[in-house]
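Here is a short report for a reader meeting this structure for the first time. Look at the whole chain before turning to single residues.

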Amino acid sequence: MAAAASDLLTGWCLFGLALLAILIFCWVYVRKYQSRRESEVVSTITAIFALAVALITSALLPVDIFLVSYMKNQNGTFKVWADANVSRQIEDTVLYGYYTLYSIILFCVFLWIPFVYFYYEEKEEDDGNTCSQVKTALKYTLGFITVCAVLLLIGAFVPLDIPNKKNSTEWEKVKLLFEEFGSSHGLTALSFSISSLTVIGMLAAITYTAYGMSALPLNLIKGTTSASYERLENTEDIEEVEQHLLRIKSKCRDGRPLSSRDRRTLQQLEERLRTLRRRERHLESIEKSWWTKACEAIRPLKIVWGVFFIIVALLFTVSLFLSNLDKALHSAGFDSGFIILGTNLTNPLNMLLPVLQRVFPLDYILITTIVMYFIFTSMAGIRNMGIWFFWTRLYKIRRGKTRPQALLFLCMILLLIVLHTSYMIYSLAPQYVMYGSQKYLVQSNKTIDGQPRNVTLVSKDCDADAPEDQCIVTRTYLFLHKFWFFSAAYYFGNWAFIAVFLIGLIVSCCKGKKSVIEGEVDDDDSDMSDDELSVYYH
């Protein structure tokens with residue numbers, strides 16, 4: 001029992017180290033993109049905290065799998081110390097961890113982030129007293145709180161296993177609903193709310209992550225254009241615009257007023273000249289910076305990383321395709337959420353994760369790599385596309401120039417994508433997420449001349465056909481698959497994810513090299529934003 005406690009403590013200690021690493025990563029990541037000129041303490045803390053909670057929740061997945069697997073031996077028997085009480089305590093510990101983290105996520109998504117966002121929106125529009133800004137922010141946030149309450153109520157009382165009795169009264173049906181809610185301890189309510197957010201995260205992953213999986217590696221392979229070459233072209237453009245301006249201004253030297261068309265052209269050319277001069281300052285700063293010289297020195301390493309990332313993207317896409325194809329061919333259909341019992345078409349990740357899980361923390365490292373890969377590819381997609389609401393671009397995400405509101409939007413999107421990552425891992429390795437490396441014993445009868453002779457016990461990997469008392473299901477799975485219609489949505493979302501990745505791959509291949517100052521200079525930027533150049537390029 002002491003050895004078991006020591007090993008379990010080791011697992012939780014590794015989780016603690018992962019938690020510390022997550023906090024450091026989130027702090028560096030948010031500080032990298034936030035605007036130095038418009039930074040706000042509250043929005044920075046909110047963004048760091050929200051992203052950290054999402055990553056910590058994903059870090060709990062391998063701990064959950066490790067704990068249920070560690071309670072059993074490789075021959076399929078339970079360990080001596082793993083009696084019913086100990087097993088229940090371990091399961092409850094993980095379950096309470098999910099309760100806490102998912103509740104905090106709901107608090108962030110429906111209360112904290114909206115309030116901070118609307119507060120700073122009001123602060124920009126009205127520099128009056130703080131009370132009026134807080135009241136207005138609370139008024140808008142109330143809508144999000146209402147949505148959260150509705151989701152919790154629907155999840156709490158949606159009928160899952162209510163028996164259909166013809167003679168039962170309406171009161172008896174309602175009573176059964178309350179009894180089911182009480183027996184689940186609010187699990188269905190929380191699961192419904194989190195699953196609703198996960199569907200939104202799926203849409204964000206389809207939009208940003210799928211495209212980023214192709215854009216990031218190909219940008220690393222192609223590289224950027226030369227700063228000196230771009231600066232030469234920019235100088236020629238400045239001279240051309242200046243000459244055009246002189247030709248227009250020469251028309252009014254004798255006192256004649258300019259036509260409305262010439263005035264519009266003059267205004268457009270002056271704005272164009274300001275943008276070109278800003279580009280000139282950026283290009284000059286980048287050309288002289290030590291960071292540019294260092295990037296040129298490690299150019300071969302970037303190409304290697306690009307090739308590695310595109311291989312990982314193709315491997316991930318192929319694995320996802322095989323998993324979805326298996327569901328299409330062997331699942332119970334739409335009404336069951338395309339849930340499949342067992343694996344008929346295996347894929348690389350489905351084979352690799354159960355093997356690595358036996359040597360803790362190798363699977364932890366792989367899941368961490370997958371989650372971080374999703375973060376970086378999602379960020380690449382967001383940086384290339386910006387944050388859009390239908391056909392309107394709301395914000396641009398740029399290093400050192402992201403406004404507080406855009407930063408909150410960014411972390412909200414990444415939080416939802418990380419939530420969806422847990423289901424993506426389940427899609428690729430359902431047995432691993434449900435049971436880890438657990439085995440159970442089955443009887444094997446040997447017959448001689450048609451008569452049973454020897455009865456032996458053979459260990460078999462846990463699956464959906466295993467007895468409930470022989471295989472322990474992870475708490476993660478309970479949250480993921482309470483409602484079949486969410487599983488059906490995830491299934492179709494996976495097909496959309498594959499399609500968008502392939503389209504993004506074709507688009508990224510056809511596009512040329514990116515500018516060395518891609519996204520750093522835009523017409524709607526102010527000249528004051530140039531003051532932040534020194535943060536990265538000097």
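This is a predicted model: local features need pLDDT of at least 70, side-chain atom pairs count only at pLDDT 80 or more; totals for chains, interfaces and linings use all residues.

Residues are numbered from 1 along each chain as its sequence is written, and side-chain values use heavy atoms, with hydrogens and water left out.

**The chain**

The chain has 17 helices and four strands. Helices (H or I, at least four residues) and strands (E, at least two) are DSSP runs, numbered from the N terminus. Of the 538 residues, 48% are buried. Buried means under 20% relative accessible area, exposed over 50%, and partly exposed in between (1.4 Å probe, protein chains only). The chain exposes about 27400 Å², by the Shrake-Rupley method with a 1.4 Å probe; for residues, only the protein chains shown count as cover. Carbon and sulfur atoms supply 63% of that area. Among contacts (heavy atoms within 4.5 Å) with a separation of 6 or more, 79% join residues 24 or more positions apart.

E233, E236, D237, E239 and E240 form a negative surface patch. Patch members have over 30% relative accessible area and no salt bridge, and like charges are joined within 9 Å. Asp and Glu count as negative, with the charge placed at CG of Asp or CD of Glu. E236 lies in helix α7, residues 227-249.

How many salt bridges does the structure hold? It holds one. The term means a side-chain nitrogen of Lys or Arg within 4 Å of a carboxyl oxygen of Asp or Glu. E242 pairs with R277, their closest N and O atoms being 2.9 Å apart. This pair links distant parts of the chain: E242 is in helix α7 and R277 in helix α8 (residues 260-288), 35 residues apart. Side chains of opposite charge can pair when their charged atoms come close.

**Two single sites**

T44 sits in helix α2, residues 41-70. Leaving aside neighbours within four places in sequence, T44 is in contact with V30, R31 and Q34.

A464 is in the loop between β4 (451-461) and α15 (475-480). A464 and M434 are 30 residues apart in sequence, and their C-alpha atoms are 9.0 Å apart in space.

The table gives the accessibility of the residues discussed.

| Residue | Relative accessible area | Class |
|---|---|---|
| T44 | 9% | buried |
| E236 | 46% | partly exposed |
| E242 | 30% | partly exposed |
| R277 | 40% | partly exposed |
| A464 | 37% | partly exposed |

Note on methods: Patches are made of residues with over 30% relative accessible area and no salt bridge: like charges are joined within 9 Å, nonpolar side chains (Val, Leu, Ile, Met, Phe, Trp, Tyr) within 5 Å.
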